[in-house]
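Try each task before reading its solution.

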Amino acid sequence: MLLFVGLLSILGALGVNLAPVLATAGVTGLAISLGAQQIVRDVLNGFFILVEDQFAVGDEVTIDGVRGVVETVGMRITRVRDAEGRLITLANSSITRVTNHSRGRALLSLEVSIAAEYGLDAAREWLTRTCAAFMHPALQTPIEVRGPTTLETTRHTFQLRAHAAAGQLETLGDALREHLLTHAHADGVPLA
């Protein structure tokens, strides 16, 4: 700052018109301050993201409509790799809504229908026994059998509910469906 004032004094003593120089300096200073304001917002938001542990590297997240796996979290930017392999860079100041799919637990809800000819009590007993025998590392609570959930005469529909590790819902659902199909075939239970 002192150098700038000294330079202006020398230019004024040499007879240079200082009005254009001061106008340019004012516009440049305004542009720099507006740019710095954005950087300060990026850094402040990045600081709170890190301190509050909203997400970390390796977490599967949806940030303002962008879903993927977090690759880097910095003070100014966050990088997310989406399912198509694209690396998306987000300024931390633009992050307003985060859904972290990797934390906590998720609720698995699955409907299973068994032909009515098998019998309501037999269907409920078979489902309860088969679900109790199901083991998976992502399963956090025993599977609850609810139902029948419909009033159909051709089939009995039950709802299976359990809590799973976050980010493992799809894997757990696939494994449970495979388990039920295998046991239904082996036990002669007519799924509908």
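**Exercise 1. Work out how many helices and strands the chain has, and their order.**

Start with the count: four helices and eight strands, taken as DSSP runs (H or I of at least four residues for helices, E of at least two for strands, numbered from the N terminus). Next, read from the N terminus, which gives α-α-β-β-β-β-β-β-α-β-β-α. Bear in mind that this is a predicted model, where local features need pLDDT of at least 70, side-chain atom pairs need 80 or more, and totals for chains, interfaces and linings use all residues. Residues are numbered from 1 along each chain as its sequence is written, and side-chain values use heavy atoms, without hydrogens and water.

**Exercise 2. Compare the radius of gyration of the chain with that of a compact globule.**

Take the rule first: 2.2 Å times the number of residues to the power 0.38, with the radius taken over C-alpha atoms. Then check the box: along the principal axes, the C-alpha atoms fill roughly 105 × 30 × 25 Å.

**Exercise 3. Decide whether T78 is buried or exposed, and find its side-chain partner.**

First, locate T78 in strand β3, residues 77–81. T78 counts as buried because its relative accessibility is 0%; the cut-offs are under 20% for buried, over 50% for exposed and partly exposed in between, using a 1.4 Å probe and protein chains only. Finally, look at the side chains: T78 and N92 are joined by a polar contact of 2.7 Å. Such a contact is a pair of N or O atoms within 3.5 Å; within protein, one must be able to donate a hydrogen and the other to accept it, and residues adjacent in sequence count only if both atoms are side-chain atoms.
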